[in-house]
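Please read the notes below with the structure open beside you.

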Amino acid sequence: MKKQVEAWIKYAEIDMLTISEIINNPMLTNIVTFHCQQAIEKYFKALILDKEKPLYQIHNLLTLYGTIKEIIDLDINEDLLSTVNDIYLESRYPGEIGLFDNGSMPTVEQANQFFVFAKEIEEIVKREINKK
């Protein structure tokens with residue numbers, strides 16, 4: 001495995017470990033969502049580099065997945081990907097940290113759903129990278 005690919009995976013795994021430590025705290029659901037987005041972004045970047053495609057400094061999961069889909073369709077839930085992406089982008093500004101459009105924080109159940117989704121992407125990406 002290429003060093004850059006390995007590095008992206010390592011840092012994604014750190015995000016996943018962080019999530020596992022805070023997942024059930026109802027005061028940290030926005031932070032869980034942030035780390036879910038971060039882990040998915042890093043797994044996507046690892047896969048893009050593994051497939052020898054250019055990597056740009058972007059954080060948008062839909063754009064990154066679009067790059068991946070030019071190579072391979074991972075058959076993931078794009079609606080859920082969009083939700084995680086939107087919450088992350090909105091959480092980058094004070095006063096909107098981790099909020100849905102209606103002003104609410106993700107619930108513990110939603111945070112768990114995002115974590116399960118991030119785990120699914122982790123598994124899919126690692127399997128794809130290890131196909132060689």
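1. Glu52 is exposed, at 63% relative accessibility, where exposed means over 50% relative accessible area, buried under 20% and partly exposed in between, with a 1.4 Å probe and protein chains only. Its partner in a salt bridge is Lys2, and the closest N and O atoms are 3.2 Å apart; a salt bridge here is a side-chain nitrogen of Lys or Arg within 4 Å of a carboxyl oxygen of Asp or Glu. Because Lys2 lies in the segment before α1 (3-22) and Glu52 in the loop between α2 (29-50) and α3 (61-69), the pair ties together parts that are 50 residues apart in sequence. Lys2 itself is partly exposed, at 32%.

2. This is a predicted model, in which local features need pLDDT of at least 70 and side-chain atom pairs count only at pLDDT 80 or more, while totals for chains, interfaces and linings use all residues. Residues are numbered from 1 along each chain as its sequence is written, and side-chain values use heavy atoms, with hydrogens and water left out.

3. A salt bridge also joins Glu128 and Lys51, with the closest N and O atoms 3.2 Å apart. Glu128 belongs to helix α5 (residues 108-129) and Lys51 to the loop between α2 and α3, so that distant parts of the chain, 77 residues apart, are linked. Glu128 is buried, at 9%, whereas Lys51 is partly exposed, at 24%.

4. Within helix α5, Glu123 and Arg127 are four residues apart, about one turn of the helix, and their side chains meet in a salt bridge (3.4 Å, N to O).

How values were computed. Helix = DSSP H or I, 4+ residues; strand = E, 2+ residues; numbered from the N terminus.
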